[in-house]
Amino acid sequence: MARKTRLGKFANTNAPKNVLREVSTSSLTVVAQQGKNRPLERKLKFGEFSNVPLITNHIPEIRRAAARRKNPNSLKNLKSGMRDLASYTAYHSGLYGTEVAKASEVDISFTYSAVDFFEGQKGRVARLRNFNLILERLGVDKRLIPPVPWDNDPTAPRDILSDEVVRKALQLAKKDVRVIIRRLKECETLDATGHDPRRASGGKKGDWAKLECRYWIMENVFRFEARLFDQLRFELGLNSELRGLERKPGAEFVDLDGTIKRQEGWLGHLRWKFPFAVDIIPFFIIILLRASVNAAALAIVNVREPWAVPCPVRLGANRSEDFVYILCQKVRGRSKPTKRPKTIRFMSEATHWDHPYQLMKFFQNWTKPLRKEIYRQIAELTALDSITPAEEEELARLVEIKDDLFIYKTEQQISSIAEDINKGTLGRAMPAILKRYGLPSSVRFLRDVGLAHTQGTSGGNLLVLRIIANQSNISTAAAYARRKQLIAKSEEMSKASFDSSIKLIRTKNFSKDSLRRELTEQGFNDAQVDNLMNTANETRYGNRCANPTDPPKGFDYGTAPGEGCRHQDCIDGCPHARWFRQSLPTLIEQLWQMEQEHAQARLESRVLGTLETRIARVKSRISYWPQEDIDEATMRLNGGVAA
């Protein structure tokens with residue numbers, strides 16, 4: 001009977017419980033859950049606190065406190081609090097000339113002096129609160145612990161990267177992705193034309209210099225298996241084939257400095273089928289820039305579970321686009337560490353090659369050979385009669401990453417971005433590529449770039465929808481100050497565009513010459529003024545368009561060059577739009593139609609769609625007309641009956 005793996009059926013592993021793993025007397029490891037069936041480990045070392053008696057005398061209490069920490073961030077807060085405690089005990093000792101070594105020695109002077117210590121420090125509210133919690137965990141009497149005397153610091157909105165910076169980063173990332181696409185197409189060509197270059201098999205002089213022949217060797221001799229070099233050389237007897245690949249270029253890749261190269265040797269030829277870290281990071285960054293989801297949630301997308309579902313929401317009046325929801329798991333913010341993470345989702349266009357859905361589909365297909373290699377290695381280790389601790393650890397690691405979407409090859413093994421985030425080490429490739437793209441050096445700061453870029457490139461029509469749809473709990477959206485900032489900015493953009501129409505609305509008698517002069521002063525050229533004067537160029541919102549066949553960036557989605565603007569989302573702030581006094585009846589009719597659609601809409605469409613936002617926007621714009629004009633237009637539209 002075949003020997004079973006010590007891990008049981010690796011396809012059905014159970015979610016780990018929150019446990020405390022003893023490493024040594026000077027450290028411990030807390031294990032919690034990251035996504036479904038993924039253990040997340042963080043170490044807490046005590047070495048730096050060896051000269052702090054108040055900590056070293058209470059290691060058991062600190063271990064219990066660490067075990068109660070529900071996620072890596074809370075463990076990080078514990079460590080920060082311990083550092084504050086160490087700094088404060090040194091401060092207190094220097095101030096009073098006495099050293100507090102045990103919780104029983106803590107008095108009211110010690111605890112209340114901490115208020116003065118944190119008074120002028122950054123993040124004083126959170127730090128004093130954390131400090132008090134640690135004292136409580138050490139066994140200090142609660143009656144001695146002072147309340148936090150300050151109000152919470154206001155949340156400062158993060159600086160949002162400019163559209164120009166994001167566009168440049170996307171262009172560079174897409175350029176790198178195109179190298180991978182070209183590499184895979186080249187791979188198909190080589191597969192169809194190569195032959196065995198070895199003399200014993202009829203190979204001729206110069207065959208080893210041909211890419212297609214070396215590809216044949218990788219496919220038919222090495223079988224694109226990611227074995228160790230020494231194993232290939234000595235155990236499998238492939239030394240001559242390895243020498244045939246020496247100093248010969250393999251597949252194309254983009255180096256960290258942005259230059260396109262072909263890596264030489266056996267590893268360079270493995271790139272034909274296997275992605276390396278520098279190959280997958282451009283994909284990951286594009287998705288982050290367009291998705292506005294955190295990297296940890298994206299990294300643990302699992303290929304064995306559906307990660308995309310249809311999006312039923314209508315994104316504008318009179319149309320429905322092909323969009324999907326990408327499903328991720330939110331690890332942070334759980335009340336219990338063993339509780340299954342909430343599912344969060346973000347939207348993606350379903351057809352564009354450079355948007356998350358298509359990129360993730362491409363990546364899943366691209367990594368099939370590497371995933372097959374992971375399963376081969378798992379089967380090989382499972383079949384061993386006896387297994388060493390190192391082999392058992394490798395088996396457990398492979399089982400953990402086997403279904404991660406974002407897997408990649410390294411020189412020695414196979415890894416994944418989820419594993420890197422789990423360990424807290426993303427390597428040098430990620431920050432180097434982010435820097436080359438002109439982005440912040442940490443993926444943490446890309447969380448809100450997608451929202452800002454959506455506003456800059458798509459106008460306000462998708463912004464609110466994307467903000468709310470990204471949350472596992474819809475009410476969460478209102479809690480983020482920077483998201484409020486983006487919504488406000490979107491409304492400002494729409495309002496600023498409409499402000500140019502106010503004079504045109506409120507002036508009763510405009511001669512043609514004075515109207516042309518007013519529009520020219522607003523920056524329109526002669527052709528655009530002609531379009532605005534033409535009543536045939538009225539849109540569904542009652543305004544006229546300065547350039548119906550050339551909508552500006554952000555309002556041109558789905559419009560082919562030379563065709564009329566497809567969506568006419570003028571109310572969202574299109575700079576080509578101008579409303580006139582006679583635009584009112586059409587605008588009121590559009591409002592009634594939108595209100596009827598909203599009343600008949602499905603619940604999800606009401607909550608997540610942009611229709612409600614637009615209704616409020618249209619009502620606001622109608623209010624700029626004189627009230628007698630509004631009443632007159634409403635009566636006329638009602639067939640002469642007052643509303």
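The legends below describe close-up views of a predicted model.

**View 1. Ile-287 in helix H11.** Helix H11 runs over residues 277-291. Ile-287 counts as buried because its relative accessibility is 1%, under the 20% cut-off. Beyond its neighbours within four places in sequence, Ile-287 is in contact with Leu-298, Phe-346, Pro-356, Leu-359, Met-360 and Phe-406. Leu-170 is 117 residues from Ile-287 in sequence, with a C-alpha to C-alpha distance of 9.8 Å.

**View 2. Helix H11 and the residue after it.** Of the 15 residues in H11, 14 are buried, and the helix is mostly covered. Ser-292 follows H11 and has a positive phi, near 50°.

**View 3. The salt bridge between Arg-290 and Asp-354.** The closest N and O atoms of the pair are 3.3 Å apart. Arg-290 belongs to helix H11, whereas Asp-354 sits in the loop between strand E8 (342-349) and helix H13 (356-366), 64 residues apart. Both residues, Arg-290 and Asp-354, are buried.

**View 4. The salt bridge between Arg-182 and Glu-252.** Here the closest N and O atoms are 3.1 Å apart. Arg-182 is in helix H6 (residues 163-193) and Glu-252 in strand E4 (residues 249-254), so the pair ties together parts 70 residues apart in sequence. Arg-182 is partly exposed at 42% relative accessibility, while Glu-252, at 14%, is buried.

**View 5. A network of salt bridges.** Arg-223, Glu-225, Arg-227, Glu-373, Arg-376 and Glu-380 are linked in this network. The whole structure contains 31 salt bridges.

Conventions
Residues numbered from 1 in each chain as written. Predicted model: local features only at pLDDT ≥ 70, side-chain atom pairs only at ≥ 80, totals over all residues. Heavy atoms only, no water. Helix = DSSP H or I, 4+ residues; strand = E, 2+ residues; numbered from the N terminus. Buried < 20%, exposed > 50% of the residue type's maximum accessible area, 1.4 Å probe, protein only. Contact = heavy atoms within 4.5 Å. Salt bridge = Lys/Arg side-chain N within 4 Å of Asp/Glu carboxyl O.
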